[in-house]
Amino acid sequence: MKVYILSRNPNLYSTKRLVESAQERNWDVRVIDYLKCSIEIMKGELKINYLGEELPIPDAIIPRIGASRTFYGTAMIRHFEMMDVFTVTGSLAVSRSRDKLRSLQILSKHEVDMPKTVFASNKSSAKDVIALSGGAPLVLKILEGTQGVGVVLVDSEKAAKSVLDAFYGMDVNLLVQEFIEEAGGADIRVLIVGGEVVGAMKRQGAEGDFRSNLHQGGSATAHKLTRKEKATALAAAKAMGLGVCGVDMIPSSRGPLVMEVNSSPGLEGIEKSTQIDIAGKIMDLIQNNVHPKDTLKKRKIRKDNIGA
């Protein structure tokens, strides 16, 4: 089995674990910096070049696309898809998940519960936006923010108006969400692989910080999901069309609320807190969906048809 891991940094924990897991199965695995790839598009022929050489077509790819490189990264995934390469995470699903507003719209359509959210342009009245959101306290999120960066809690309408006016003045796109006080700065990360829950952890924000992100100093422990939490996480992953993802939920008095569906979830926190081999689960997904001989036969048929 030939597998490429699309990652900019081979030294990241998640990338190294994926490489180790593939090597344990004696697979031919290679880390590819997708920003160093270029593509060729010709009539009936698609190629990918890497560091000046044409890349052999793999059996599968594991995308680990950074949020700031979504456009280029998804273009690479799409090219592999066009070459009939199996990907654990599809290009369209990655694009959808990286757009916070679009994600919430999709989740809403599929009746997945979430905090009440308001999106408005800088031409809107801050007062009206605050009222639509249910009043302070409120959480303001920059659409392009990641890992808890660009998330602000405002505890009064006066403060909310000041922050909204400031961001709108800089033409920054914001989501305004209700604050779930009873969560106590905690959330639940559920790892889903191939439509199955493979691990879950509860993350608690650092003292005095309502954000639970581990990158912001939060801690993590293994978590046993309730039936409702499991069903909500699976519904969110299915709605987004992601084969591998992390679903972030916040506990509330009305049940679990989905905050985000991450198409490139980190493995360190959840593997260490749960002691579950998540990287191995991802390899199982590939093994269950790809048969190298069948893949080569399918490509030959496709090539013959193109040339006919």
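Which backbone oxygen lies 2.5 Å from a polar atom of the side chain of Thr-274?

**View A. The side chain of Thr-274 and the backbone of Ile-270 in the predicted model.** The backbone oxygen in question belongs to Ile-270, and the polar side-chain atom of Thr-274 is placed 2.5 Å from it. Thr-274 is part of helix α8, which spans residues 268-274.

**View B. The surroundings of Thr-274.** Thr-274 has a relative accessible area of 16% and is therefore classed as buried, the cut-off being under 20%. When neighbours within four places in sequence are set aside, Thr-274 is in contact with Ala-200 and Ala-222.

**View C. The five-stranded open sheet.** The strands follow the order β14-β13-β12-β15-β16 and pair in antiparallel fashion.

**View D. The pairing of β12 with β15.** Strand β12 (residues 186-193) and strand β15 (residues 244-250) run antiparallel and are joined by six bridges. Within this view, Ile-192 is found opposite Cys-245 of β15.

**View E. Helix α7 on the sheet.** Helix α7, formed by residues 227-240, packs on the sheet and touches β12, β13 (196-204), β15 and β16. The direction of helix α7 makes about 130° with that of β15.

Key
Residues numbered from 1 in each chain as written. Predicted model: local features only at pLDDT ≥ 70, side-chain atom pairs only at ≥ 80, totals over all residues. Heavy atoms only, no water. Helix = DSSP H or I, 4+ residues; strand = E, 2+ residues; numbered from the N terminus. Buried < 20%, exposed > 50% of the residue type's maximum accessible area, 1.4 Å probe, protein only. Polar contact = N/O pair within 3.5 Å; in protein donor to acceptor, adjacent residues only side chain to side chain. Contact = heavy atoms within 4.5 Å. Pairing = 2+ DSSP bridges. Axes fitted to C-alpha atoms, helices over the stretch in contact; angles between N-to-C directions.
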